[in-house]
Amino acid sequence: MAKLNMVKALNLALLEEMERDNDVLVLGEDVGVDGGVFRVTDDLQRKFGSQRVIDSPLAEAAIIGTAVGMALYGLKPVCEIQFSGFAFQCFHQIENHCARYRMRSQGRFHIPMVIRMPYGGGVRALEHHSESEEQFYAHIPGLKMVIPSGPRTARGLLAAAIRDPDPVIFFEAKALYHAAKEDVPDESEALPIGRAQIAREGDALTLVAYGAMLRVALEAADILRIEDGARVEVIDLLTISPLDRDALVTSVKKTGRAVVVHEAPRSFGPGAEIAASIMDGAFLSLEAPIRRVTAHDVPFVGFAREKANVPDVPRVVAAVRETLAF
Amino acid sequence: MPRITLEPRFQVEYLSVLDSDGNLDTALEPKLSENDLKALYRAMLLGRRLDERMVRLQRQGRVGTFAPIKGQEASQIGSAFTLRPSDWMVPSFRETAAMVWRGWPIDKLLHFFAGRLEGGQPAPDQHDLPITIPVATQLPHAVGLAYAVQYRGDDAVVMAYFGDGATSEGDFHEAMNFAGVWHVPVVFVCQNNQWAISVPLKKQTHSRTIAQKALAYGLPGLQVDGNDVLAVYAAAREAVDRARAGDGPTLIECVTYRLGVHTTADDPTKYRAEEEVRMWEQKDPLTRFRIHLEKRDLLETGLEQRVDDEIAQAVRRFEAAPPADPLTMFEHAYATPPPGLLAQRDEMAAREHAAPALDGQQPPAPVDATPMRGQRRTRR
């Protein structure tokens, strides 16, 4: 076991997968000599050369578009988009081509590529550097949408994403990059995509979170345990799409109540799909309406007001208490 | 401080081998055998006759919207002719002649235009991408393919097709830029057919040529008479050989004309003059090449009938195909369908009754998708 922060854990996964498979390439802006603006690709170009760790020109659409071409040839590109807020300049390549090539070619081609993007707030950053846009990708058939919650899940899910035969959008919470170190196994590890984890067991209510919001949910669960004596079950979603509906339904059948937390704006966000899935599978177990604790339906508000917009522990605690008292 | 002229000062060449009466400039004539010349003509004729047949099939409601190629046969066949089967062809949506030359079965193309995705499936050993509809978005794919070719140490070349309208898209410029920086074996073939639906070239770009856009990215750019199959062949031959030798990408602008509609849903009388079409009909690439071959006594008798028969047989195979099975829509969304998708498939299977499951097994008997505590089986 080694104690690593999330940046080091992601770097380790890239290193291991590149050593394991010569078809894995890294492609993006500043990923080579500089090692990425967050240092996730640090030292990889020195180890694997500039043909495999490519400092591309500054153009998101061509980064994703050329990676699609590489994937069509059988390579496994791992692209870095410097911030998720800039991915709208390649959204057409992701939606029109990454997601559809398997279907369009009826299985003749597939796109085994990963698109890594830092997302989310908490780092006092400017517009386009702080938003959460997972809902756009989760809505696209043909893609998988993964968001780890810490070093160990980051390393295990990135390995799985690189080995996956389908395109995976891989969001990394900037707020978690240097937040905490965690034990990461010495042996390479691939965690299953499409499977949620129970981060804390409980029976009073199901609290669903992912990415940077997992910490918020766990802190809220601690407070509720101490102050209210309520044992809240916390589900770490890890994969947004395909959604682990079984895990959600099983938990809510036990607890009868659910609250969903995410940083993305509320309307048409992942919380809506999660709530609908729980309604589909556990309607008669529900004792209260499903609450969502999310950012508000406003465009970027600036980091001076970010704390009031992104869910925090008091808002989650309050929503859980209201749901428990319903 | 000085204000000086930087080198190099750019020039763009224009290449033409056959004039509009089919006369040859022997100094520029590419080396092609008599069999090659016959094969070029046959492929162009097949492209033309298929195009006319497709339009009729669309008017009869037997296929859906179709983008005709009439007038662009020389641009397509002259360029695609230079590729080996192991090379890669990256089409947009107006390359039926080139696609058939590359080995797409005609009935497969008919399926594609009849709304069946089966028609977009290249054969396992075929190095062709399927039709790509969003304009210019296939060009970065071609550059990525070429990068992968180089990465693996293979000697293939990638040829990508697009129109004049595509040169206004960001993806065109990004692809050219990446191709130049990476120095990959790709040939960009622009079929400048003068019209992007209703927008003429002069409203598309203020550049005198499209070929010169290559120069900004450090690539050679060449303009050719796109209705002269020998000129297109000569330009493409040069570019493909250069790419294969490791000497990087090329942009070829084929100056041609869309004699027909943009698609079968379009009415060009709204935006362009009949006289312009008549003028370009005088430069019809098929007529020019036929006159040339006649002079050299290389025209095959009965060729039109043989080409029409081939098309008719393909139409019969297309129409004999069984109806599209809706349940197969779940097969190619992911390598392994996730549970939620399988549940949707089972719902459809229950509606469609007794359709075979993905693994060839019978689907499970319809069950309540959400067995719940105290199930209510009747509607309140």
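What percentage of the 380 residues of chain B count as buried? The share is 44%, where a residue is buried if 20 or more other C-beta atoms lie within 10 Å of its own, exposed if 12 or fewer, and partly exposed in between, with C-beta atoms placed from the backbone.

## Basis of the model

This is a predicted model, in which local features need pLDDT of at least 70, side-chain atom pairs count only at pLDDT 80 or more, and totals for chains, interfaces and linings use all residues. Residues are numbered from 1 along each chain as its sequence is written, while chains are lettered from A and ligands numbered from 1 in the order in which they are written.

## Chain B overall

Chain B has 12 helices and eight strands; helices (H or I, at least four residues) and strands (E, at least two) are DSSP runs, numbered from the N terminus. The C-alpha trace of chain B spans about 85 × 65 × 45 Å along its principal axes. Of the contacts in chain B between residues at least 6 apart in sequence, 75% join residues at least 24 apart. Two residues are in contact if their C-beta atoms, placed from the backbone, lie within 7 Å.

## Strand 3 of chain B

Strand 3 of chain B covers residues 158–163, and six of its six residues are buried. In a regular strand the side chains alternate between the two faces of the sheet. Here B:Val158, B:Ala160 and B:Phe162 lie on one side, B:Met159, B:Tyr161 and B:Gly163 lie on the other, and all are buried.

Strand 3 of chain B pairs in the parallel sense with strand 2 (residues 88–90) of chain B over three bridges; strands pair if DSSP finds at least two bridges between them. In this pairing B:Met89 stands opposite B:Met159. Strand 3 of chain B also runs parallel to strand 4 (residues 186–192) of chain B, and six bridges join them. B:Val158 stands opposite B:Val186 there. With helix 6 (residues 170–182) of chain B, strands 3 and 4 of chain B make a right-handed β-α-β unit: with the strands pointing away from the viewer, the path from the first strand over the helix to the second runs clockwise.

## Where the chains meet

The contact between the chains takes 37 residues from chain B and 40 residues from chain A. On the chain B side, helix 5 (138–152) and helix 6 are the elements that give two or more residues. Helix 5 of chain B gives the most, with 10 residues. The residues of this side divide into 22 nonpolar, 11 polar and four charged. Ala, Val, Leu, Ile, Met, Phe, Trp, Tyr, Cys and Pro count as nonpolar, Asp, Glu, Lys and Arg as charged, and the others, Gly among them, as polar.

## Two domains in chain A

Chain A is divided into domain 1 (2–184) and domain 2 (197–325), with bounds from an automatic or database domain assignment. Their C-alpha centres lie 26 Å apart. The contact between them takes 26 residues from domain 1 of chain A and 20 residues from domain 2 of chain A. The domain 1 side divides into 12 nonpolar, eight polar and six charged residues.

## A:His110

A:His110 is found in the loop between helix 5 (101–104) and strand 5 (114–119) of chain A. A:His110 counts as buried because 20 other C-beta atoms lie within 10 Å. Not counting residues up to four places away in sequence, A:His110 touches A:Tyr101, A:Arg102, A:Pro165, A:Asp166 and B:Ala335.
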